[in-house]
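Visitor: I would like to learn how to read some features of a model, taking each in turn. Could you give the general idea and then the case at hand?

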Amino acid sequence: MSAVLRIDDLRVQFRSDQGLVHAVNGLNLELPAGGAIAIVGESGSGKSTAMTALMRLLPRTARVSGRIWFDGQDLLALSERQMRKLRGHQVSMVFQNPMAYLNPTKTIGQQLMEPLLYHHLATPRQARWRALEFLERVGIADAESRFKGYPFEFSGGMLQRVMIAMALMAGPKLLIADEPTTALDVTVQAEILALLKELQAEHGMGMILVTHDLAVAAQMADEIYVMYAGLVVEHLPAGSLMSAHAHPYLHGLLRSIPRIDGPREKLPFIAGNPVNPVGALPQGCLFASRCSQRRPECNQRPPTVRLDNNHEVVCWLPDIGVEGDKSGPFDVPTVGPAGTRL
Ligand SMILES: Nc1ncnc2c1ncn2[C@@H]1O[C@H](COP(=O)(O)OP(=O)(O)OP(=O)(O)O)[C@@H](O)[C@H]1O
Ligand SMILES: [Mg+2]
């Protein structure tokens, strides 16, 4: 299958008073046309920064390098004018914090129609129709009167729905959903995820779902990319998550998911702290300081080891013993319900 998106060696650093912040440190990923991938990783691993770099919406303090191939062109090489033609049309994003991206002085209806009107894809009358249709699709009752409402009149869950409707209005080829269900209760979360999946299949668009939640990733995506300290440490098919995970970091994440039927004990966690992104990064493997399998070679940057189709791990000593073994060497829990967070 051809790729709708390919990211090669993406790096993002921010200038700050404390020094250079290394937020993304050589990210590679590929999204097949019409497919869905999930990016998972702890807070601060660079997920939002990478996606915002793709949208070309990072602040001026950001220094970005690498290549982001979308539809045969490098997004990082486009002019702002060319980028504006794509944004909200071919590529759109549901942001982690909808309130920060919605205009408080414009009605929801005006903001929903904007992508279609800005890109001259519809007349105002057609845009209004489509906005009402999408409000209904995303489960907003009484769309006519909601259309005239302002963002502050909507609950968090409703705003997430509005954001999804807005991102889909122009029929994008690529949708990025950055924690689209953060802070929502479990029922609303499940509804929104089901809706996203349905709309993705219906529109045949590619989707990148950013999440803390391994269960959601496994349920929503074909492939999972696990980020640590600004780069992908493992990339694997969603179906192999439980049976064939190979990176010590991913072992740790999976072990830290609480079992619904398990004893109510203190959660296991990965000892140590994430890499400090400010200033020079460590020379060797960025996970080494927290890794229980650490060996002398981990003082050097690890290679990317290809284990299978769509399965790569960046590690000197991946635990490939887990491959194909359903039980694995650890007491790996079954993936918990949506809502289990890293
Ligand atoms: N504008 C900025 N200026 C300086 N540092 C920043 C800026 N934006 C992000 N960072 C830093 O970049 C790193 C990656 O942040 P990012 O928000 O991309 O992480 P994330 O994986 O999306 O986390 P979360 O799961 O909490 O959303 C963090 O260390 C963060 O503090
Ligand atoms: Mg984020």
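Visitor: Which element gives the most to the lining of the second largest pocket?

Guide: This is a predicted model, in which local features need pLDDT of at least 70, side-chain atom pairs count only at pLDDT 80 or more, and totals for chains, interfaces and linings use all residues. Residues are numbered from 1 along each chain as its sequence is written, chains are lettered from A and ligands numbered from 1 in the order in which they are written, and side-chain values use heavy atoms, with hydrogens and water left out. On a 1 Å grid over the protein atoms alone, a pocket is an open set of points where a 1.4 Å probe fits, with protein on both sides within 12 Å along at least five of seven lines, and lining residues have an atom within 4 Å of a point. Helices (H or I, at least four residues) and strands (E, at least two) are DSSP runs, numbered from the N terminus. Here β2 gives the most to the lining of the second largest pocket, with six residues.

Visitor: How much space lies in the second largest pocket, and which residues are the closest to its centre?

Guide: A volume is the space filled by probe spheres set on the grid points, which are joined across faces, edges and corners. For the second largest pocket this space is about 550 Å³; 30 residues line the pocket, and N28, L29, V232, T304 and E312 are the closest to its centre. Two or more lining residues come from each of β1 (3–16), β2 (19–32), β9 (223–228), β10 (231–237), β11 and β12 (311–314).

Visitor: What lines the largest pocket?

Guide: The largest pocket holds about 640 Å³ of space and is lined by 20 residues, with R87, G88, E114, P115 and M166 nearest its centre. Helix α4 (108–118) is among the elements that each supply at least two lining residues, and α4 gives the most, with four. Counting Ala, Val, Leu, Ile, Met, Phe, Trp, Tyr, Cys and Pro as nonpolar, Asp, Glu, Lys and Arg as charged, and the others, Gly among them, as polar, this lining divides into eleven nonpolar, five polar and four charged residues.

Visitor: Which residues are the protein donors of the magnesium ion?

Guide: Donors are N, O and S atoms within 2.8 Å of the metal (3.2 Å for Na, K and Ca), and sites may look incomplete because water is not among the atoms. For the magnesium ion (ligand 2) they are S48 (OG) and Q96 (OE1), lying 2.0 to 2.5 Å from it. S48 lies in helix α1 (residues 47–54) and Q96 in the loop between β6 (91–94) and α3 (98–101), so the pair ties together parts that are 48 residues apart in sequence.

Visitor: How many aromatic pairs does the structure hold?

Guide: Rings of Phe, Tyr and Trp (its six-membered ring) pair if their centres lie within 6.5 Å, and planes under 30 degrees apart count as stacked, over 60 as edge-to-face and the rest as tilted. The structure holds four such pairs. In one of them, the rings of F95 and Y101 have centres 3.7 Å apart and planes at 10 degrees, so this pair is stacked. Y249 and F287, by contrast, pair edge-to-face, with 5.3 Å from centre to centre and 65 degrees between the planes.
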